[in-house]
Amino acid sequence: METPVTPTLLAAGAPALPHTSSNGQLLLAVLLSIGAIVLLITRLKMHPFLALTLGSGLLAAVAGAPFDKLLASFSTGFGSTVASVGLLIGLGAMLGKLLADSGGANIIADTVLARTGPKALPWAMALIAAVLGLPLFFEVGVVLLIPIVLLVARRGNVPLIRIGIPALAGLSVLHGLVPPHPGPLVAVDALHADLGVTLALGLLIAVPTLIVAGPLFARLAERWVGPLAIPAAPEDTPADTAKREPGRTPRFGAVMATILLPVVLMLGKALTDVVVDDPKSTVQRFFDFIGSPLIALLAATLLAMLTLGRAAGFDKGKISATVGSALGPIAGIVFIVGAGGGFKQTLIDVGVGNAVSEWSGKWHISVLLLGWLIAVLIRLATGSATVATITAAGIVGPLAADMSTTHAALLVLAIGAGSLFLSHVNDAGFWLVKEYFGMSVGQTLKSWSVMETIISVVAIALIMPLSLII
(Lines give C-alpha, C1' and ligand atoms only; values in the text may rest on other atoms or scores of the structure.)
Protein backbone atom coordinates (compact mmCIF):
# COMPACT_ATOMS: atom_id res chain seq x y z
CA MET A 1 0.00 0.00 0.00
CA GLU A 2 1.08 3.60 -0.54
CA THR A 3 2.72 5.27 2.44
CA PRO A 4 0.51 7.94 4.07
CA VAL A 5 1.48 11.55 3.45
CA THR A 6 3.18 13.47 6.25
CA PRO A 7 4.99 16.81 6.21
CA THR A 8 8.77 16.51 5.89
CA LEU A 9 11.88 18.50 6.65
CA LEU A 10 13.76 20.46 4.00
CA ALA A 11 16.26 18.65 1.84
CA ALA A 12 19.50 17.95 3.63
CA GLY A 13 22.14 20.57 2.96
CA ALA A 14 19.71 23.04 1.41
CA PRO A 15 19.83 26.64 2.68
CA ALA A 16 16.38 27.27 4.10
CA LEU A 17 14.66 30.48 3.02
CA PRO A 18 13.15 32.24 6.04
CA HIS A 19 9.50 33.11 5.47
CA THR A 20 6.25 33.56 7.26
CA SER A 21 4.04 32.75 4.28
CA SER A 22 0.61 31.30 4.69
CA ASN A 23 -0.45 28.37 2.55
CA GLY A 24 -2.55 30.76 0.48
CA GLN A 25 0.44 32.97 -0.19
CA LEU A 26 2.55 29.97 -1.14
CA LEU A 27 -0.15 28.76 -3.53
CA LEU A 28 -0.26 32.20 -5.12
CA ALA A 29 3.55 32.19 -5.42
CA VAL A 30 3.56 28.80 -7.14
CA LEU A 31 0.77 29.71 -9.56
CA LEU A 32 2.34 33.04 -10.47
CA SER A 33 5.83 31.60 -10.92
CA ILE A 34 4.65 28.68 -13.07
CA GLY A 35 2.38 31.02 -15.01
CA ALA A 36 5.32 33.32 -15.64
CA ILE A 37 7.47 30.42 -16.82
CA VAL A 38 4.70 29.29 -19.17
CA LEU A 39 4.23 32.82 -20.54
CA LEU A 40 7.95 33.40 -21.04
CA ILE A 41 8.44 30.09 -22.86
CA THR A 42 5.29 29.99 -24.98
CA ARG A 43 4.50 33.64 -25.73
CA LEU A 44 7.83 35.44 -25.49
CA LYS A 45 9.80 32.45 -26.82
CA MET A 46 12.36 32.84 -24.05
CA HIS A 47 14.84 30.02 -23.52
CA PRO A 48 13.61 27.69 -20.73
CA PHE A 49 16.86 28.23 -18.78
CA LEU A 50 16.18 31.95 -18.45
CA ALA A 51 12.46 31.40 -17.87
CA LEU A 52 13.10 28.96 -15.00
CA THR A 53 15.68 31.30 -13.47
CA LEU A 54 13.31 34.28 -13.54
CA GLY A 55 10.46 32.09 -12.32
CA SER A 56 12.53 31.13 -9.27
CA GLY A 57 13.05 34.79 -8.42
CA LEU A 58 9.34 35.54 -8.75
CA LEU A 59 8.49 32.52 -6.59
CA ALA A 60 10.75 33.68 -3.76
CA ALA A 61 9.58 37.29 -4.03
CA VAL A 62 5.86 36.46 -3.81
CA ALA A 63 6.51 33.93 -1.02
CA GLY A 64 8.28 36.64 0.98
CA ALA A 65 11.77 35.11 0.97
CA PRO A 66 14.79 37.46 1.11
CA PHE A 67 16.70 37.71 -2.17
CA ASP A 68 20.12 37.14 -0.58
CA LYS A 69 18.92 33.70 0.55
CA LEU A 70 17.29 33.08 -2.85
CA LEU A 71 20.66 33.16 -4.62
CA ALA A 72 22.13 30.55 -2.29
CA SER A 73 19.07 28.33 -2.61
CA PHE A 74 18.94 28.52 -6.41
CA SER A 75 22.70 27.95 -6.73
CA THR A 76 22.56 24.93 -4.46
CA GLY A 77 19.76 23.37 -6.47
CA PHE A 78 21.45 24.19 -9.78
CA GLY A 79 24.82 22.80 -8.70
CA SER A 80 23.53 19.60 -7.14
CA THR A 81 21.33 18.82 -10.14
CA VAL A 82 24.08 19.40 -12.70
CA ALA A 83 26.53 17.39 -10.60
CA SER A 84 24.19 14.42 -10.35
CA VAL A 85 22.44 14.55 -13.72
CA GLY A 86 24.65 16.63 -16.02
CA LEU A 87 27.47 14.08 -16.07
CA LEU A 88 25.04 11.34 -17.00
CA ILE A 89 23.50 13.41 -19.79
CA GLY A 90 26.98 14.02 -21.19
CA LEU A 91 27.94 10.34 -21.14
CA GLY A 92 24.59 9.36 -22.66
CA ALA A 93 25.13 11.85 -25.47
CA MET A 94 28.60 10.44 -26.18
CA LEU A 95 27.25 6.90 -26.31
CA GLY A 96 24.41 7.95 -28.59
CA LYS A 97 26.76 9.81 -30.94
CA LEU A 98 29.05 6.80 -31.26
CA LEU A 99 26.02 4.61 -31.94
CA ALA A 100 24.81 6.97 -34.67
CA ASP A 101 28.07 7.79 -36.45
CA SER A 102 29.48 4.25 -36.40
CA GLY A 103 26.45 2.81 -38.17
CA GLY A 104 25.50 0.73 -35.13
CA ALA A 105 21.88 1.92 -35.35
CA ASN A 106 21.64 0.73 -38.94
CA ILE A 107 23.10 -2.65 -38.00
CA ILE A 108 20.32 -3.16 -35.42
CA ALA A 109 17.63 -2.08 -37.86
CA ASP A 110 18.92 -4.20 -40.74
CA THR A 111 19.33 -7.31 -38.58
CA VAL A 112 15.86 -7.14 -37.04
CA LEU A 113 14.10 -6.24 -40.29
CA ALA A 114 15.83 -9.01 -42.23
CA ARG A 115 14.11 -11.53 -39.95
CA THR A 116 10.68 -9.87 -39.88
CA GLY A 117 7.66 -10.45 -42.12
CA PRO A 118 5.35 -7.65 -43.31
CA LYS A 119 2.72 -8.27 -40.62
CA ALA A 120 5.30 -8.06 -37.86
CA LEU A 121 6.92 -4.83 -39.12
CA PRO A 122 5.09 -2.53 -36.64
CA TRP A 123 6.27 -4.72 -33.76
CA ALA A 124 9.79 -4.79 -35.16
CA MET A 125 9.87 -0.99 -35.44
CA ALA A 126 8.66 -0.66 -31.85
CA LEU A 127 11.45 -3.00 -30.74
CA ILE A 128 14.10 -1.16 -32.75
CA ALA A 129 12.98 2.20 -31.37
CA ALA A 130 12.93 0.88 -27.80
CA VAL A 131 16.45 -0.53 -28.07
CA LEU A 132 17.83 2.59 -29.73
CA GLY A 133 15.88 4.74 -27.27
CA LEU A 134 17.80 3.42 -24.27
CA PRO A 135 20.92 5.60 -24.80
CA LEU A 136 19.51 8.31 -27.13
CA PHE A 137 17.69 11.56 -26.39
CA PHE A 138 14.25 11.73 -28.00
CA GLU A 139 15.12 14.32 -30.64
CA VAL A 140 18.30 12.45 -31.62
CA GLY A 141 16.36 9.21 -31.75
CA VAL A 142 13.74 10.73 -34.06
CA VAL A 143 16.37 12.06 -36.46
CA LEU A 144 18.15 8.70 -36.39
CA LEU A 145 15.01 6.60 -36.91
CA ILE A 146 13.27 8.65 -39.60
CA PRO A 147 15.46 7.41 -42.48
CA ILE A 148 14.98 3.83 -41.27
CA VAL A 149 11.19 4.25 -41.03
CA LEU A 150 10.93 5.83 -44.47
CA LEU A 151 13.19 3.17 -45.99
CA VAL A 152 11.16 0.32 -44.47
CA ALA A 153 7.85 1.88 -45.55
CA ARG A 154 9.11 2.32 -49.11
CA ARG A 155 10.71 -1.13 -49.45
CA GLY A 156 7.88 -3.01 -47.80
CA ASN A 157 5.09 -0.94 -49.38
CA VAL A 158 3.65 -0.42 -45.88
CA PRO A 159 1.60 2.64 -44.83
CA LEU A 160 3.87 5.14 -43.11
CA ILE A 161 1.68 5.57 -40.02
CA ARG A 162 1.51 1.81 -39.44
CA ILE A 163 5.24 1.63 -38.70
CA GLY A 164 5.88 5.28 -37.80
CA ILE A 165 3.64 5.32 -34.73
CA PRO A 166 5.25 2.23 -33.14
CA ALA A 167 8.70 3.74 -33.72
CA LEU A 168 7.71 7.07 -32.14
CA ALA A 169 5.99 5.27 -29.26
CA GLY A 170 9.13 3.26 -28.55
CA LEU A 171 11.21 6.41 -28.29
CA SER A 172 8.65 8.38 -26.28
CA VAL A 173 7.95 5.65 -23.71
CA LEU A 174 11.65 5.20 -23.01
CA HIS A 175 12.17 8.97 -22.89
CA GLY A 176 9.49 9.50 -20.24
CA LEU A 177 9.75 6.39 -18.08
CA VAL A 178 13.22 4.86 -18.20
CA PRO A 179 16.54 6.24 -16.92
CA PRO A 180 19.12 7.33 -18.01
CA HIS A 181 16.98 9.85 -19.91
CA PRO A 182 17.12 13.38 -18.42
CA GLY A 183 13.51 13.54 -17.20
CA PRO A 184 13.49 10.33 -15.17
CA LEU A 185 17.02 11.05 -13.90
CA VAL A 186 15.99 14.46 -12.60
CA ALA A 187 12.94 12.97 -10.89
CA VAL A 188 15.04 10.19 -9.35
CA ASP A 189 17.42 12.79 -7.95
CA ALA A 190 14.68 15.12 -6.69
CA LEU A 191 12.72 12.33 -5.01
CA HIS A 192 15.81 10.48 -3.75
CA ALA A 193 14.50 7.33 -5.42
CA ASP A 194 16.58 4.23 -6.09
CA LEU A 195 17.75 4.31 -9.70
CA GLY A 196 17.91 0.54 -10.14
CA VAL A 197 14.41 -0.02 -8.78
CA THR A 198 13.10 2.85 -10.93
CA LEU A 199 14.75 1.35 -14.00
CA ALA A 200 13.30 -2.10 -13.32
CA LEU A 201 9.78 -0.81 -12.67
CA GLY A 202 10.08 1.60 -15.59
CA LEU A 203 10.80 -1.27 -17.97
CA LEU A 204 7.93 -3.24 -16.44
CA ILE A 205 5.49 -0.38 -17.12
CA ALA A 206 7.05 0.53 -20.46
CA VAL A 207 6.48 -2.82 -22.20
CA PRO A 208 2.64 -2.99 -22.03
CA THR A 209 2.41 0.78 -22.51
CA LEU A 210 4.44 0.52 -25.71
CA ILE A 211 2.30 -2.35 -26.99
CA VAL A 212 -0.93 -0.38 -26.55
CA ALA A 213 0.33 3.01 -27.76
CA GLY A 214 2.49 1.56 -30.53
CA PRO A 215 1.43 -1.38 -32.73
CA LEU A 216 -2.15 -1.54 -31.45
CA PHE A 217 -2.94 2.20 -31.70
CA ALA A 218 -1.17 2.37 -35.08
CA ARG A 219 -4.04 0.42 -36.66
CA LEU A 220 -6.55 3.03 -35.50
CA ALA A 221 -4.29 5.99 -36.31
CA GLU A 222 -3.83 4.64 -39.83
CA ARG A 223 -7.60 4.90 -40.43
CA TRP A 224 -7.86 8.35 -38.81
CA VAL A 225 -4.97 9.91 -40.72
CA GLY A 226 -5.48 8.18 -44.07
CA PRO A 227 -2.78 7.41 -46.65
CA LEU A 228 0.36 9.51 -46.54
CA ALA A 229 2.88 10.07 -49.29
CA ILE A 230 6.27 8.75 -48.17
CA PRO A 231 8.64 11.75 -48.11
CA ALA A 232 12.22 11.50 -49.25
CA ALA A 233 14.58 10.57 -46.44
CA PRO A 234 16.05 13.62 -44.67
CA GLU A 235 19.54 14.50 -45.79
CA ASP A 236 22.64 14.78 -43.64
CA THR A 237 21.21 12.72 -40.78
CA PRO A 238 23.50 10.67 -38.56
CA ALA A 239 22.27 7.50 -40.29
CA ASP A 240 23.19 8.82 -43.73
CA THR A 241 26.55 10.05 -42.47
CA ALA A 242 27.28 6.59 -41.09
CA LYS A 243 26.57 5.02 -44.49
CA ARG A 244 29.09 7.32 -46.13
CA GLU A 245 31.86 6.43 -43.65
CA PRO A 246 34.54 4.23 -45.21
CA GLY A 247 35.79 1.17 -43.43
CA ARG A 248 34.19 -1.56 -41.41
CA THR A 249 30.91 -1.68 -39.49
CA PRO A 250 30.22 -2.96 -35.94
CA ARG A 251 28.76 -6.39 -35.33
CA PHE A 252 25.17 -6.76 -34.17
CA GLY A 253 26.07 -8.64 -30.98
CA ALA A 254 28.68 -6.07 -29.99
CA VAL A 255 26.28 -3.19 -30.59
CA MET A 256 23.56 -4.79 -28.48
CA ALA A 257 25.99 -5.64 -25.68
CA THR A 258 27.23 -2.05 -25.58
CA ILE A 259 23.76 -0.52 -25.48
CA LEU A 260 22.46 -2.90 -22.84
CA LEU A 261 25.57 -2.81 -20.60
CA PRO A 262 24.45 0.15 -18.41
CA VAL A 263 20.96 -1.34 -18.09
CA VAL A 264 22.36 -4.71 -17.01
CA LEU A 265 24.75 -3.12 -14.50
CA MET A 266 22.05 -0.95 -12.91
CA LEU A 267 19.57 -3.83 -12.77
CA GLY A 268 22.32 -6.00 -11.26
CA LYS A 269 22.79 -3.46 -8.51
CA ALA A 270 19.07 -3.39 -7.77
CA LEU A 271 18.87 -7.20 -7.67
CA THR A 272 21.91 -7.47 -5.40
CA ASP A 273 20.45 -4.90 -3.01
CA VAL A 274 17.34 -7.06 -2.68
CA VAL A 275 19.03 -10.48 -2.50
CA VAL A 276 22.09 -9.66 -0.37
CA ASP A 277 20.72 -6.70 1.62
CA ASP A 278 23.94 -6.22 3.59
CA PRO A 279 25.71 -2.85 3.14
CA LYS A 280 28.92 -4.34 4.58
CA SER A 281 28.98 -7.20 2.08
CA THR A 282 31.84 -7.04 -0.42
CA VAL A 283 29.56 -8.37 -3.16
CA GLN A 284 26.92 -5.70 -2.56
CA ARG A 285 29.51 -2.93 -2.34
CA PHE A 286 31.02 -4.08 -5.65
CA PHE A 287 27.66 -4.13 -7.43
CA ASP A 288 26.70 -0.81 -5.84
CA PHE A 289 29.84 0.66 -7.41
CA ILE A 290 29.58 -0.81 -10.92
CA GLY A 291 25.80 -0.34 -10.93
CA SER A 292 25.89 3.35 -10.08
CA PRO A 293 24.64 5.30 -13.12
CA LEU A 294 27.88 7.24 -13.55
CA ILE A 295 30.09 4.13 -13.63
CA ALA A 296 27.59 2.15 -15.73
CA LEU A 297 27.35 4.83 -18.42
CA LEU A 298 31.10 5.54 -18.28
CA ALA A 299 31.81 1.82 -18.81
CA ALA A 300 29.38 1.68 -21.74
CA THR A 301 30.90 4.79 -23.34
CA LEU A 302 34.46 3.45 -23.03
CA LEU A 303 33.33 0.10 -24.42
CA ALA A 304 31.57 1.86 -27.30
CA MET A 305 34.86 3.43 -28.36
CA LEU A 306 36.07 -0.10 -29.11
CA THR A 307 32.94 -2.01 -30.13
CA LEU A 308 31.47 0.85 -32.18
CA GLY A 309 34.22 3.34 -32.98
CA ARG A 310 37.19 1.08 -33.65
CA ALA A 311 35.01 -1.60 -35.19
CA ALA A 312 33.71 0.98 -37.68
CA GLY A 313 37.26 1.84 -38.73
CA PHE A 314 37.54 5.09 -36.76
CA ASP A 315 41.05 6.06 -35.72
CA LYS A 316 41.81 7.66 -32.36
CA GLY A 317 41.32 11.17 -33.72
CA LYS A 318 37.95 10.31 -35.25
CA ILE A 319 36.73 8.70 -32.03
CA SER A 320 37.84 11.74 -30.03
CA ALA A 321 36.15 14.12 -32.48
CA THR A 322 32.93 12.07 -32.42
CA VAL A 323 32.79 12.01 -28.62
CA GLY A 324 33.61 15.71 -28.38
CA SER A 325 30.98 16.72 -30.92
CA ALA A 326 28.29 15.10 -28.76
CA LEU A 327 28.70 17.64 -25.96
CA GLY A 328 27.86 20.85 -27.81
CA PRO A 329 24.22 20.07 -28.64
CA ILE A 330 23.42 19.00 -25.06
CA ALA A 331 24.69 22.17 -23.37
CA GLY A 332 21.21 23.67 -23.54
CA ILE A 333 19.68 20.54 -22.02
CA VAL A 334 22.13 20.60 -19.12
CA PHE A 335 21.43 24.26 -18.35
CA ILE A 336 17.66 23.73 -18.54
CA VAL A 337 17.90 20.77 -16.19
CA GLY A 338 20.18 22.74 -13.85
CA ALA A 339 17.84 25.73 -13.77
CA GLY A 340 14.99 23.34 -13.13
CA GLY A 341 16.94 22.00 -10.16
CA GLY A 342 17.35 25.55 -8.86
CA PHE A 343 13.62 26.17 -9.24
CA LYS A 344 12.90 22.87 -7.50
CA GLN A 345 15.15 23.78 -4.56
CA THR A 346 13.49 27.19 -4.28
CA LEU A 347 10.09 25.47 -4.19
CA ILE A 348 11.28 23.25 -1.36
CA ASP A 349 13.00 25.97 0.65
CA VAL A 350 10.08 28.39 0.68
CA GLY A 351 7.94 25.59 2.11
CA VAL A 352 5.83 24.61 -0.90
CA GLY A 353 6.50 20.91 -0.40
CA ASN A 354 5.21 20.91 3.16
CA ALA A 355 2.17 22.92 2.09
CA VAL A 356 1.41 20.38 -0.62
CA SER A 357 1.72 17.66 2.02
CA GLU A 358 -0.98 19.35 4.09
CA TRP A 359 -3.25 19.94 1.09
CA SER A 360 -2.95 16.40 -0.24
CA GLY A 361 -3.70 15.04 3.22
CA LYS A 362 -6.92 17.07 3.34
CA TRP A 363 -7.90 16.11 -0.20
CA HIS A 364 -7.16 12.41 0.41
CA ILE A 365 -5.63 12.15 -3.05
CA SER A 366 -2.93 9.63 -3.89
CA VAL A 367 0.53 11.15 -4.09
CA LEU A 368 1.12 9.22 -7.30
CA LEU A 369 -2.00 10.66 -8.91
CA LEU A 370 -1.13 14.14 -7.59
CA GLY A 371 2.33 13.99 -9.17
CA TRP A 372 0.82 12.82 -12.46
CA LEU A 373 -1.80 15.60 -12.50
CA ILE A 374 0.73 18.35 -11.74
CA ALA A 375 3.02 17.08 -14.52
CA VAL A 376 0.05 16.92 -16.94
CA LEU A 377 -0.93 20.53 -16.26
CA ILE A 378 2.60 21.84 -16.71
CA ARG A 379 3.11 19.74 -19.84
CA LEU A 380 -0.09 21.13 -21.39
CA ALA A 381 0.96 24.67 -20.55
CA THR A 382 4.65 24.63 -21.51
CA GLY A 383 4.91 21.81 -24.02
CA SER A 384 8.11 20.65 -22.36
CA ALA A 385 8.27 17.18 -20.83
CA THR A 386 11.51 18.09 -19.06
CA VAL A 387 10.10 21.26 -17.48
CA ALA A 388 6.97 19.34 -16.44
CA THR A 389 9.04 16.59 -14.80
CA ILE A 390 11.38 18.98 -13.01
CA THR A 391 8.61 21.21 -11.66
CA ALA A 392 6.29 18.40 -10.61
CA ALA A 393 9.15 16.57 -8.88
CA GLY A 394 10.06 19.74 -7.01
CA ILE A 395 6.50 20.30 -5.82
CA VAL A 396 5.81 16.75 -4.61
CA GLY A 397 9.40 15.93 -3.67
CA PRO A 398 8.96 16.20 0.11
CA LEU A 399 6.10 13.72 -0.05
CA ALA A 400 8.53 10.97 -1.12
CA ALA A 401 10.61 11.16 2.07
CA ASP A 402 8.40 8.72 3.97
CA MET A 403 7.71 6.48 1.00
CA SER A 404 9.09 2.99 0.54
CA THR A 405 11.75 2.43 -2.13
CA THR A 406 9.25 0.99 -4.58
CA HIS A 407 6.66 3.75 -4.11
CA ALA A 408 9.27 6.48 -4.53
CA ALA A 409 10.22 4.82 -7.83
CA LEU A 410 6.56 4.64 -8.84
CA LEU A 411 6.19 8.36 -8.08
CA VAL A 412 9.07 9.02 -10.49
CA LEU A 413 7.22 7.01 -13.14
CA ALA A 414 3.90 8.72 -12.44
CA ILE A 415 5.49 12.14 -12.95
CA GLY A 416 7.24 10.89 -16.10
CA ALA A 417 3.93 9.57 -17.44
CA GLY A 418 2.22 12.91 -16.78
CA SER A 419 5.00 14.78 -18.58
CA LEU A 420 4.11 13.00 -21.85
CA PHE A 421 0.41 13.90 -21.89
CA LEU A 422 -1.03 15.42 -25.12
CA SER A 423 1.87 16.92 -27.03
CA HIS A 424 0.44 19.76 -29.13
CA VAL A 425 1.46 22.93 -30.95
CA ASN A 426 3.61 24.34 -28.10
CA ASP A 427 5.88 21.26 -28.16
CA ALA A 428 8.90 21.20 -30.47
CA GLY A 429 8.48 17.44 -30.84
CA PHE A 430 5.04 18.01 -32.39
CA TRP A 431 6.51 20.03 -35.24
CA LEU A 432 9.47 17.70 -35.64
CA VAL A 433 7.14 14.74 -36.22
CA LYS A 434 4.78 16.78 -38.44
CA GLU A 435 7.52 17.92 -40.81
CA TYR A 436 9.38 14.61 -41.05
CA PHE A 437 6.21 12.65 -41.82
CA GLY A 438 4.73 15.29 -44.11
CA MET A 439 1.45 15.54 -42.15
CA SER A 440 -0.94 18.42 -41.60
CA VAL A 441 -1.54 19.84 -38.12
CA GLY A 442 -4.83 17.92 -37.92
CA GLN A 443 -3.20 14.64 -38.92
CA THR A 444 -0.43 15.16 -36.39
CA LEU A 445 -3.00 15.77 -33.64
CA LYS A 446 -4.88 12.59 -34.59
CA SER A 447 -1.73 10.47 -34.56
CA TRP A 448 1.20 11.82 -32.56
CA SER A 449 -0.80 13.82 -29.99
CA VAL A 450 -3.24 11.00 -29.31
CA MET A 451 -0.36 8.52 -29.07
CA GLU A 452 1.35 10.63 -26.41
CA THR A 453 -1.91 10.85 -24.45
CA ILE A 454 -2.38 7.08 -24.62
CA ILE A 455 1.14 6.54 -23.30
CA SER A 456 0.46 8.86 -20.35
CA VAL A 457 -2.94 7.39 -19.47
CA VAL A 458 -1.98 3.73 -19.91
CA ALA A 459 1.17 4.22 -17.82
CA ILE A 460 -0.64 5.81 -14.86
CA ALA A 461 -3.40 3.20 -15.19
CA LEU A 462 -0.72 0.52 -14.71
CA ILE A 463 1.16 2.39 -11.98
CA MET A 464 -1.82 2.93 -9.66
CA PRO A 465 -2.85 -0.74 -9.20
CA LEU A 466 0.82 -1.76 -9.08
CA SER A 467 1.26 0.55 -6.07
CA LEU A 468 -1.36 -1.52 -4.21
CA ILE A 469 0.57 -4.74 -4.81
CA ILE A 470 4.20 -3.86 -4.11
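These notebook entries record what I looked up in a predicted model.

**Ground rules.** I number residues from 1 along each chain as its sequence is written, and I use heavy atoms for side-chain values, with hydrogens and water left out. Because the model is predicted, local features need pLDDT of at least 70 and side-chain atom pairs count only at pLDDT 80 or more, while totals for chains, interfaces and linings use all residues.

**Overall.** I found 21 helices and 0 strands in the protein. Helices (H or I, at least four residues) and strands (E, at least two) are DSSP runs, numbered from the N terminus. Buried residues make up 57% of the 470 residues. Buried means under 20% relative accessible area, exposed over 50%, and partly exposed in between (1.4 Å probe, protein chains only). I then looked at contacts (heavy atoms within 4.5 Å). Of those with a separation of 6 or more, 82% join residues 24 or more positions apart.

**Surface.** The protein exposes about 18600 Å², and carbon and sulfur atoms supply 68% of it. Areas come from the Shrake-Rupley method with a 1.4 Å probe; for residues, only the protein chains shown count as cover. I looked up a nonpolar patch of about 400 Å², made by W123, V207, I211, V212 and L216. Nonpolar side chains (Val, Leu, Ile, Met, Phe, Trp, Tyr) are joined within 5 Å, like charges within 9 Å. Helix α9 (residues 195-225) gives the most to the patch, with 4 residues. I211 is in α9. I note I211 as partly exposed because its relative accessible area is 32%.

**Core.** The largest nonpolar core has 149 residues; M125, V396, L411 and M451 touch the most other members. Here α9 gives the most, with 12 residues. A core is a set of buried Ala, Val, Leu, Ile, Met, Phe, Trp, Tyr and Cys residues joined through side-chain atoms within 4.5 Å. Leaving out residues up to four places away in sequence, M451 touches I165, L168, A169, S172, A213 and F217.

**Aromatics.** I paired rings of Phe, Tyr and Trp (its six-membered ring) with centres within 6.5 Å; planes under 30 degrees apart are stacked, over 60 edge-to-face, the rest tilted. The count comes to 7 aromatic pairs. W372 and F421 pair edge-to-face, 6.1 Å centre to centre with 90° between the planes. This pair links distant parts of the chain, 49 residues apart: W372 in helix α17 (residues 367-382), F421 in the loop between α19 (405-418) and α20 (428-437). Both are buried. F49, F74, F78 and F335 form one aromatic cluster.

Note on methods:
Patches are made of residues with over 30% relative accessible area and no salt bridge: like charges are joined within 9 Å, nonpolar side chains (Val, Leu, Ile, Met, Phe, Trp, Tyr) within 5 Å. A salt bridge is a side-chain nitrogen of Lys or Arg within 4 Å of a carboxyl oxygen of Asp or Glu.
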